[in-house]
Amino acid sequence: MTALRRLPAGLAHPFSPAGRSDPYPAYDWLRANDPVHFDVTTRMWLLTAHEHCASALKDPRFSAALGQRERVRDDDLPASMLTTDPPDHNRLRAPGMALLGPAAVRELAAALTAVVDGLLDGLADAAEVTRDLGEPFATGVLARTLLVPREDEAAFADLARRASVNLDPLAGPQAAREGRVAMGELTRFLDAHVAREPGGAIARLAEDERLTRPEMLGILSLAVVGGWRPLAEMVGNALFWLLPRPEALAALREGGDELARTAVDELLRLEAPIPFTARVTTAEVSFGDAVIPAGARVLAVVAAANRDPAVFDRPGDLVLTRSPNPHLAFGAGTHFCLGAPLVRQAGALLLRGLAERFPAIRADGAPPAWAPVLVPRRLGEFRIRLS
């Protein structure tokens, strides 16, 4: 192990209450001075350079399955793509493509357009972004993806909201217990839903002989837990960057579908709702002079990697046309987010729709503040005016 280094005095630890609202100064210092950093506070290794994060996310010596077991909870999450390594991960991922792969998203195109149009039609002139826009957006997108009947959407949204605590690998014991209860309720809800034979991709998934019933339900649960809260918070995070920049909103109005999808990637690069990914090493790994021992807990801090000046020109700026954009907000390697096509398609529809329909959209009142939470990266109350 290299000599231990600590953050300079006066620079808040990124996971501390003071550092959670703005972790980027600490991330920038770590990436420049100690990119493979053993953090004495959490007893974890923090990777902050893009090359190291990308490598860890692709290297089988960094175990996702063991990383999930490092959560602050006394039980395991259900078997899913998130909680397994190859070859089990590959066996689960292939059927999941029927639900969230590019072909499945193309089938959903009309339904996603209807979700966005209906949501924008119903907006009042004054709105709170997460409550009135982000959460209904996430609910509508996932409900249409999973063919949840409209009369069940409120119950589905409540379960998704409560189960979302499972996103946070550092959630405390009480939150973890509440998340466990909500996950059980969500699984039972989905089990009953599938039993009603909704058809389409859900039926194909349920009939896939490669999966046991619990594994199939694990894929559906992961789609909800891994999708609902990040989709909801992505909206506010994106508008935080877009609203002070009229030229960016004008580009969205005029740039067409392709630019809108490119914009989603750039906005996720700047503010990834899931800022880090947990792994545990199964063997010793070296990055230059830094040696991470076997059995070490590692966080690939993608929020830091996504602003690495060695990879991204003007890393702290919004560049809607950035291409290529090798950000890590969707992960990398075998665990690359299966829902990425859905996020890009639905996010592009919503952001372009907002820019086109409401050219005077603006923040209402004081600029929003970042919530002092780790996962997901999100804003506190964010009020907007549409006209």
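User: How many helices and strands does the protein have?

Analyst: Helices (H or I, at least four residues) and strands (E, at least two) are DSSP runs, numbered from the N terminus. The protein has 17 helices and 10 strands. This is a predicted model, in which local features need pLDDT of at least 70 and side-chain atom pairs count only at pLDDT 80 or more, while totals for chains, interfaces and linings use all residues. Residues are numbered from 1 along each chain as its sequence is written, and side-chain values use heavy atoms, with hydrogens and water left out.

User: What radius of gyration does the protein have, and what would a compact globule with 387 residues have?

Analyst: The radius is taken over C-alpha atoms, and the globule rule is 2.2 Å times the number of residues to the power 0.38. For 387 residues a compact globule would have a value near 21 Å; the protein has 20 Å, which agrees. The C-alpha trace spans about 60 × 50 × 40 Å along its principal axes.

User: What percentage of the residues is buried?

Analyst: Buried means under 20% relative accessible area, exposed over 50%, and partly exposed in between (1.4 Å probe, protein chains only). Buried residues make up 55% of the 387 residues.

User: Which residues touch the most other members of the largest nonpolar core?

Analyst: A nonpolar core is a set of buried Ala, Val, Leu, Ile, Met, Phe, Trp, Tyr and Cys residues joined through side-chain atoms within 4.5 Å. The largest has 101 residues, of which Leu-99, Phe-137, Leu-220 and Leu-242 touch the most other members. Contact means heavy atoms within 4.5 Å. Leaving aside neighbours within four places in sequence, the contacts of Phe-137 include Val-115, Leu-231, Met-234 and Leu-350. A second, separate core of 20 residues includes Trp-45 and Ala-296.

User: How many aromatic pairs does the structure hold?

Analyst: Rings of Phe, Tyr and Trp (its six-membered ring) pair if their centres lie within 6.5 Å; planes under 30 degrees apart count as stacked, over 60 as edge-to-face and the rest as tilted. The structure holds eight such pairs. In one, the ring centres of Phe-15 and Phe-276 are 5.4 Å apart and the planes are at 55°, so the pair is tilted. Phe-15 lies in the segment before helix H1 (17–20) and Phe-276 in the loop between helix H15 (256–270) and strand S5 (277–281), 261 residues apart. Both Phe-15 and Phe-276 are buried. Elsewhere, ring pairs link Phe-240, Trp-241 and Trp-370 into a cluster.

User: Which residue lies over the face of Trp-370?

Analyst: A charge sits over a ring if NZ of Lys or CZ of Arg is within 6 Å of the ring centre and within 35 degrees of the ring normal. Arg-377 lies over Trp-370, at 4.0 Å from the ring centre. Likewise, the charged end of Arg-269 sits over the ring of Phe-312, 5.1 Å from its centre.

User: How many salt bridges does the structure hold?

Analyst: Side chains of opposite charge can pair when their charged atoms come close. A salt bridge is a side-chain nitrogen of Lys or Arg within 4 Å of a carboxyl oxygen of Asp or Glu. The structure holds 30 of them. One joins Glu-153 and Arg-144 (2.7 Å, N to O).

User: Are Glu-153 and Arg-144 buried or exposed?

Analyst: Glu-153 and Arg-144 are both buried. By contrast, Glu-356 and Arg-352, whose closest N and O atoms are 2.9 Å apart in their salt bridge, count as partly exposed, at 40% relative accessibility for Glu-356 and 21% for Arg-352.
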